[in-house]
Every structure is written in C-alpha cells, then in structure tokens.
Amino acid sequence: MDLFWRFLVGGFFVSLFAVAGDVLRPRGFAGLFGAAPSVALATLTITVMSKGRLYAAIEAKSMIAGAAALFLYTVACVYFIGARRLKAPVMTLGLLALWGLSAFGLWSAFLR
Amino acid sequence: MGIERFWIVVGVLALSAMIIRISLSSLRRTRWQDYLIRFLLGGSVSLITGMIAKEFGPVIGGLFLAFPAIFPASATLIDEQEREKKREAGISVTLRGRFAVALDARGAALGAIALAAFALLVWQELPRHETAWVLSAAMALWLITAVLLWRLRKLHVYVSRRGRRNA
C-alpha cells in the first residue's frame with residue numbers, strides 16, 4: 001500500500017511541476033521547474049508517515065549531495081546541448097550517468 | 001533579516017512577477033501521452049526511491065530525491081515542439097530545439113541550487129517542527145531562492161552586455 005501511494009503522489013507532484021514548466025515563460029524561468037522538489041515532496045511526506053521525521057531528515061541531508069549532482073548534470077546539459085550542439089534526447093539521457101557518478105562520489109566523500 | 005532586506009526581496013519578486021507570463025499554447029501542443037509518460041516517470045522514480053531507501057538505507061535513498069526524474073522527457077518534448085514550430089514555418093533544419101533545451105537546462109541549474117536550500121532546511125528543521133510546516137516553508141524557500149537566482153542571472157547578463165556595448 002505504501003508503494004502504491006508513493007507512485008500516485010510522486011506522479012501527481014511531478015506532473016504538477018511539469019505543467020508549470022510547460023506554461024510559464026520565459027523559457028529560462030520555466031526551466032527552474034525542471035529542478036523542482038517534486039519527488040522530494042512526495043517521498044518525504046510518505047516517509048514521515050511510515051518511518052518518522054528523523055528518518056526523513058537523514059534522507060534530506062543526502063538530498064543536498066543529490067542536488068549538487070543535479071547542478072553538475074544540468075550545467076553539462078547546457079554545455080553539450082547549447083554550446084556543442086549535440087542531440088538533446090541522447091545527451092539528457094546519457095548524462096544521467098554523470099548525475100549518478102557525482103551523487104555517489106559526493107556520498108562516498110562526505111556521507112559514508 | 002532586516003526590514004530593508006525584506007523589501008528588497010519583495011521588490012525583486014514583484015519585478016519578476018511582471019516579467020513572467022503564462023503561455024497556454026504549449027499545453028495545446030502537448031499530447032496526453034506526454035503527460036501520461038511524465039506521470040509514470042514521476043511515480044516510478046518516487047517508488048524506486050522508496051525501494052532503494054528500504055534496501056540500502058535513508059542515506060543512499062536520499063540521493064535519489066534530487067534525481068532528474070522528468071528532465072530528459074521534458075527536454076525531448078521541448079526539442080520536438082520547437083522543431084515542429086519551425087517545420088510549420090517551412091524550415092526543416094534548425095538548432096532552435098537544442099537552444100531551447102539548453103535554456104531550460106540553465107534554469108534547472110539555478111533550480112538545483114534552490115533544491116539544495118530546500119534539502120538543507122528540511123534536514124535542519126524536520127526533527128524539531130511539524131512536517132506540514134517544514135515542507136511548506138522549504139517549498140517557499142525553494143521558490144524564492146530559485147526566482148532570486150534567476151533574476152540575478154538576468155541582471156548579470158544585462159549588466160555585462162551593457163558594459164560590452166559601452167567599452
């Protein structure tokens with residue numbers, strides 16, 4: 001049941017911020033919503049209900065490293081798609097590996 | 001925060017509100033399948049994050065709270081929509097889609113800095129205060145930080161262009 005709610009609430013928040021990103025202009029401002037705390041809001045709400053606030057706070061601490069990795073990922077997207085003019089679908093998917101490496105690198109350096 | 005700083009923040013936000021507009025035409029261009037894909041992706045990432053936290057603990061699970069869940073799907077959609085607009089205008093080869101995605105990613109980079117502020121507030125305040133209050137305050141902090149960074153970025157571009165013109 002917990003997993004079902006996670007899926008439903010996560011899908012709802014992500015869709016909500018995605019629509020905001022679609023309708024708001026200028027494009028650079030709409031882009032802010034690409035890094036909105038949609039998954040975080042859904043996950044933290046349900047985690048607090050099932051595991052408590054301390055457990056959710058530990059997740060939030062790790063999220064700082066995830067956000068730093070997201071920053072590196074988006075900067076790399078700007079460079080490879082905007083400056084090097086490589087294909088957007090390929091690069092946005094391919095660079096997810098960079099997010100993974102950065103996130104786990106930061107975890108290994110500061111959180112382990 | 002001093003009262004002067006508070007009014008500066010309010011002023012910057014009000015100025016931003018004047019520049020920001022709503023374009024409903026992009027909603028008409030978006031197919032229902034695109035919304036479904038993003039709903040499924042968002043739901044799946046939340047689900048997987050919960051499963052990872054259960055299996056490997058909250059420290060690893062927490063990393064995935066900032067996973068770029070829908071960015072690749074949104075970027076592909078923006079790229080397609082921009083190319084479609086050009087095709088309708090009779091232009092078959094264009095880089096406009098890629099530039100639009102890069103602009104979107106630049107906004108997301110600023111949003112990511114604001115996301116770190118969101119996480120910091122939740123980490124510090126959640127053990128001591130009510131969940132609804134902390135998440136609402138963190139959400140407000142994300143929005144204010146993101147908008148302020150975006151305005152600062154626009155101001156920086158304006159000042160550097162003016163400086164180049166005057167040089």
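Axes are lines fitted to C-alpha atoms, for helices over the stretch in contact, and the angles between N-to-C directions run from 0 to 180 degrees. The views below come from a predicted model, in which local features need pLDDT of at least 70 and side-chain atom pairs count only at pLDDT 80 or more, while totals for chains, interfaces and linings use all residues. Residues are numbered from 1 along each chain as its sequence is written, and chains are lettered from A and ligands numbered from 1 in the order in which they are written.

**View 1. Helices H3(A) and H4(A) meet within chain A.** The axes of helix H3 (residues 38–51) and helix H4 (residues 53–83) of chain A come within 7 Å and cross at roughly 150 degrees, helices being DSSP runs (H or I) of at least four residues, numbered from the N terminus. That angle makes H3(A) roughly antiparallel to H4(A), a label for angles over 145 degrees. Among the residues that make the contact are Leu44(A) and Val48(A) of H3(A), together with Tyr55(A) and Met63(A) of H4(A); two residues are in contact if their C-beta atoms, placed from the backbone, lie within 7 Å. By class, the residues of this contact divide into 7 nonpolar, 1 polar and 3 charged, where Ala, Val, Leu, Ile, Met, Phe, Trp, Tyr, Cys and Pro count as nonpolar, Asp, Glu, Lys and Arg as charged, and the others, Gly among them, as polar.

**View 2. Helix H4(A) meets H6(B) of the other chain.** The axes of H4(A) and H6(B) come within 8 Å and cross at roughly 165 degrees, which makes H4(A) roughly antiparallel to H6(B). The residues of the contact between H4(A) and H6(B) divide into 26 nonpolar, 2 polar and 3 charged.

**View 3. Chain B touches chain A.** Here 72 residues of chain B are in contact with 72 residues of chain A. The largest share of the side of chain B that touches chain A, 24 residues, comes from H6(B), and by class this side of chain B has 50 nonpolar, 16 polar and 6 charged residues.

**View 4. Strand E1 of chain A pairs with E1(B).** Strand E1 (residues 24–25) of chain A is joined to E1(B) by 2 bridges, and these strands run antiparallel; two strands pair if DSSP finds at least two bridges between them, and a strand is a DSSP run (E) of at least two residues. Arg25(A) stands opposite Arg21(B) in E1(B).

Key. Angles under 35 degrees count as roughly parallel, over 145 as roughly antiparallel, 65 to 115 as roughly perpendicular and the rest as oblique.
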